[in-house]
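Please view the sequence and the structure together while reading.

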Amino acid sequence: MASEDVLLLCEYILETHFGEDIKHPVGRVLIRGGSMSLSNIVERTGVSNEHAINVITVLIKHHLLSVELNTFKNVHFYKFNKRECLLRLSFPRFIALLSN
């Protein structure tokens, strides 16, 4: 389990890079909840199924969510990639190196 500081930093990065709609509440639940299915996400957050799918799609496109298929239950499980999220803090450094 990640420390509270890492979780808060990931929430902050989500909010600054994607806005409040992504971070709250779906992003927060994914960051803190570990691996969970779409039905679990909708149940915990209380958002519509469509909104949860939209947030999941955005996060997958940015490689912040990994998807695992449970073939036994035929359900997809989504897991937030905290390491990939923290690497976004290095983007300004990469740009500075390229511009020199």
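Helices and strands are here taken as DSSP runs, helices of at least four residues and strands of at least two, numbered from the N terminus. The model is predicted, and the points below are grouped by topic.

**Loop residues with positive phi**
- Asn 74, which is found in the loop between β2 and β3 (75-80), has a positive phi of about 55° although it is not a glycine.
- Asn 74 counts as exposed because its relative accessibility is 61%, the cut-off for exposed being over 50%.
- His 63 lies in the loop between α4 (49-61) and β2 (65-70), and this residue, although not a glycine, has a positive phi of about 60°.
- With a relative accessibility of 56%, His 63 counts as exposed.

- Ser 37 has its place in strand β1 (residues 36-37) and is buried, with a relative accessible area of 4%.
- Leaving aside neighbours within four places in sequence, Ser 37 is in contact with Val 75, His 76, Phe 77 and Tyr 78.

**The largest nonpolar core**
- The largest nonpolar core has 22 residues, of which Leu 14, Leu 30, Ile 41, Leu 59, Leu 64, Leu 65 and Phe 80 touch the most other members.
- To this core, α1 (4-18), α2 (20-33), α4 and β3 each supply at least two residues.
- Once its neighbours within four places in sequence are set aside, Leu 64 is in contact with residues including Leu 14, Phe 18, Leu 59, Phe 80 and Cys 85, and also with Lys 79, Asn 81, Glu 84 and Arg 88.
- In soluble globular proteins, nonpolar side chains tend to be buried together.

Terms used: Residues are numbered from 1 along each chain as its sequence is written. This is a predicted model: local features need pLDDT of at least 70, side-chain atom pairs count only at pLDDT 80 or more; totals for chains, interfaces and linings use all residues. Side-chain values use heavy atoms; hydrogens and water are left out. Buried means under 20% relative accessible area, exposed over 50%, partly exposed in between (1.4 Å probe, protein chains only). Contact means heavy atoms within 4.5 Å. A nonpolar core is a set of buried Ala, Val, Leu, Ile, Met, Phe, Trp, Tyr and Cys residues joined through side-chain atoms within 4.5 Å.
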